[in-house]
Amino acid sequence: MRTAQQILADSAVIAVVGASRDPRKAAHGVPLQMQQYGWRIIPINPTVDELFGERAYPTLADIPHPVDLVDVFRPAADAVQVVRDAVAIGAPAVWLQLGIVSAEARRIAEAAGMDYVEDRCLIVERAAAGLTRLS
């Protein structure tokens with residue numbers, strides 16, 4: 001299994017489940033900052049058509065192209081289904097944001113051979129490694 005920083009370094013396209021249009025929420029600020037450092041962010045939110053200048057999709061299954069990482073801003077109780085959906089679309093990695101932990105989601109991801117991170121923040125890991133996708 002790759003480390004959190006290896007996953008970020010290897011990823012270019014991140015689907016963000018639970019991406020928010022509310023700029024006061026981490027589910028808005030974190031993906032926006034990752035986008036500003038060069039990652040393509042695909043928002044997964046059934047209540048909006050566009051977010052961060054990208055088309056938003058209601059579910060992971062609706063994304064018409066591959067993603068490198070599924071980032072989760074949903075309660076731990078929802079993580080199991082999100083991981084199942086990530087497995088179904090062939091995502092190589094899933095990341096549960098800070099404060100989100102699920103033993104069952106971990107078990108499903110590991111059984112599928114998927115890289116799995118939980119209870120960690122994308123922007124903290126990006127900053128700690130000094131990662132950017134900008135040229």
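## Helix H2

Just past helix H2 (residues 26-36), Gly38 has a positive phi of about 110 degrees; helices (H or I, at least four residues) and strands (E, at least two) are DSSP runs, numbered from the N terminus. The model is a predicted one, in which local features need pLDDT of at least 70 and side-chain atom pairs count only at pLDDT 80 or more, while totals for chains, interfaces and linings use all residues. Residues are numbered from 1 along each chain as its sequence is written, and side-chain values use heavy atoms, without hydrogens and water.

In H2 the buried residues are Ala27, His28, Val30, Pro31 and Met34. Buried means under 20% relative accessible area, exposed over 50%, and partly exposed in between (1.4 Å probe, protein chains only). Their cover includes H1, strand E1 (13-17), strand E2 (40-44) and H5, with contact meaning heavy atoms within 4.5 Å.

## Helix H5

Helix H5 (residues 122-129) buries Leu122, Glu125 and Arg126. Down the axis of H5 these buried residues fall within an arc of 100 degrees, so they line one face of the helix; the arc is that of the directions from the helix axis to the C-beta atoms. Val124 and Ala128 are exposed on the other side of H5.

Helix H1 (4-10), helix H2 (26-36), strand E5 (69-72) and strand E6 (93-96) are among the elements covering the buried residues of H5. Gly130 follows H5 and has a positive phi, near 65 degrees.

## Packing of H2 against H5

The axes of H2 and H5 come within 9 Å and cross at roughly 35 degrees. Axes are lines fitted to C-alpha atoms, for helices over the stretch in contact, and angles run from 0 to 180 degrees between N-to-C directions. H2 makes the contact through Val30, Gln33 and Met34, and H5 through Leu122, Ile123 and Arg126. Four of the contact residues are nonpolar, one is polar and one is charged.

## Nonpolar cores

The largest nonpolar core has 25 residues, and those with the most contacts inside it are Ala15, Ile44, Leu60, Ile63, Val70 and Val94. Such a core is a set of buried Ala, Val, Leu, Ile, Met, Phe, Trp, Tyr and Cys residues joined through side-chain atoms within 4.5 Å. At least two residues of this core come from each of E1, E2, E5, helix H3 (76-88), E6 and helix H4 (103-111). H3 gives the most, with five residues.

Leaving aside neighbours within four places in sequence, Val70 has contacts that include Ala15, Leu60, Val82 and Val94. Another core, of 23 residues, lies apart from the largest one and includes Ile7, Val16, Ala56 and Val117.

Terms used:
Nonpolar A, V, L, I, M, F, W, Y, C, P; charged D, E, K, R; others polar.
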